[in-house]
Amino acid sequence: MHESFKSTVSATTRALAGMKDLEIVFTPHENLFARNPVPPRLRLPLPDAQLSPQSLRLARGAADAQALWLAHHSEKLHHRLRPTPPDAAAAFDALEQARVEALGARRMDGVASNLHRLLDEKCKRAGYDHSNKQAD
């Protein structure tokens with residue numbers, strides 16, 4: 001089943017990125033939230049051995065986010081426009097990730113769902129689901 005899942009996700013990721021020669025590598029404990037994938041190789045998280053629905057959704061969300069980055073991001077333009085102060089640069093980078101994801105999510109409901117689950121997991125891992133104060 002792992003091989004079928006990996007084959008399907010790989011084909012979908014290549015199509016979404018618009019890169020038929022993109023190498024897809026699944027690795028355990030891979031960072032789900034990698035930014036700036038470097039073609040021709042993309043590293044994705046390997047789902048758990050039980051193929052739990054959560055691990056499958058997270059792998060698909062990570063794949064979609066990185067594929068959309070490859071499809072819609074211009075490193076040259078981003079570098080030219082990126083502000084220098086660290087806080088401004090971090091905000092600029094986050095907005096760029098949101099922009100490329102929104103382009104895919106607006107066109108494809110399945111991608112929107114995968115990205116939503118990935119964002120939900122990012123928030124949980126950052127502890128936002130336990131925030132009780134407005135400042136948090």
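In this predicted model, the structure holds 5 salt bridges. One of them pairs D93 with R82, whose closest N and O atoms are 2.6 Å apart. Because D93 belongs to helix α4 (residues 86–107) while R82 sits in the loop between α3 (75–81) and α4, this pair ties together parts that are 11 residues apart in sequence.

Another salt bridge joins E96 to R99, with 2.7 Å between the closest N and O atoms, and here both residues lie in helix α4, 3 residues apart, which is about one turn of the helix. E96 has a relative accessibility of 10% and counts as buried, while R99 is partly exposed at 38%.

Helix α5 contributes a further pair, K124 and D120, in which the closest N and O atoms are 3.3 Å apart; the two residues are 4 positions from each other in that helix, so about one helical turn separates them. K124, at 42% relative accessibility, counts as partly exposed, and D120, at 36%, is likewise partly exposed.

Helix α5 (residues 109–125) also packs against helix α2 (residues 53–72), at an angle of about 110° and with the axes 8 Å apart, which means that α2 is roughly perpendicular to α5. Residues making this contact include R57, L58, A62, A65 and L68 on the α2 side and V111, L115, R117, L118 and E121 on the α5 side. By class, the contact of α2 with α5 comprises 7 nonpolar, 4 polar and 6 charged residues.

Definitions and conventions
Residues numbered from 1 in each chain as written. Predicted model: local features only at pLDDT ≥ 70, side-chain atom pairs only at ≥ 80, totals over all residues. Heavy atoms only, no water. Axes fitted to C-alpha atoms, helices over the stretch in contact; angles between N-to-C directions. Parallel < 35°, antiparallel > 145°, perpendicular 65-115°, else oblique. Contact = heavy atoms within 4.5 Å. Nonpolar A, V, L, I, M, F, W, Y, C, P; charged D, E, K, R; others polar. Salt bridge = Lys/Arg side-chain N within 4 Å of Asp/Glu carboxyl O. Buried < 20%, exposed > 50% of the residue type's maximum accessible area, 1.4 Å probe, protein only.
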